[in-house]
Amino acid sequence: EEERITDPFIRNWLDMICFLLQGATTKDAPTTLMAYMLSDFYRDGVCLDFPVGGTESIIGALVRGVTKHRGCELMLNTHVDELLFGEGGGRCTGVRLKGGRTL
């Protein structure tokens with residue numbers, strides 16, 4: 001128990017730093033990663049950068065990267081039953097969705 005951090009302010013601060021740097025809380029972050037992250041964070045000249053528009057802008061850029069190609073769309077919450085492979089089986093050429101629809 002003595003090695004646990006119990007101060008609510010410090011716990012919230014650590015959770016915030018973990019979330020900002022890796023998208024997890026201290027509960028989900030490995031201790032070794034936390035130690036490395038905090039030691040790196042406090043080196044001279046280090047700053048914490050954020051994407052313009054917040055983390056949502058990263059998701060938006062990924063969606064635009066996929067949907068800018070003709071015939072490509074993003075389907076969320078879509079159950080994939082099977083990946084389909086062409087001759088030789090080296091490259092996925094489509095998917096079969098739950099319900100039988102093939103893309």
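A disulfide here is a pair of cysteine sulfur atoms within 2.5 Å. This is a predicted model, where local features need pLDDT of at least 70, side-chain atom pairs count only at pLDDT 80 or more, and totals for chains, interfaces and linings use all residues. Residues are numbered from 1 along each chain as its sequence is written, and side-chain values use heavy atoms, leaving out hydrogens and water.

Reader: How many disulfides does the structure hold?
Author: Start with Cys72: the closest cysteine sulfur to its own sits in Cys92, 12 Å off, so that's too far for a bond. Cys92 is in no disulfide either. The count for the structure is zero.

Reader: Is Cys92 buried, exposed or partly exposed?
Author: Buried is under 20% relative accessible area, exposed is over 50%, and partly exposed is in between (1.4 Å probe, protein chains only). Cys72 comes in at 38%, which counts as partly exposed. Cys92 has 35%, so call Cys92 partly exposed.

Reader: What pattern does the chain follow along the sequence?
Author: Helices (H or I, at least four residues) and strands (E, at least two) are DSSP runs, numbered from the N terminus. The chain has three helices and two strands. Read in order, that's α-α-α-β-β.

Reader: What is the radius of gyration of the chain?
Author: We take it over C-alpha atoms, and the globule rule is 2.2 Å times the number of residues to the power 0.38. For 103 residues the rule gives 13 Å, and the chain is well over that, so it's more spread out than a compact globule. Its radius of gyration is 21 Å.
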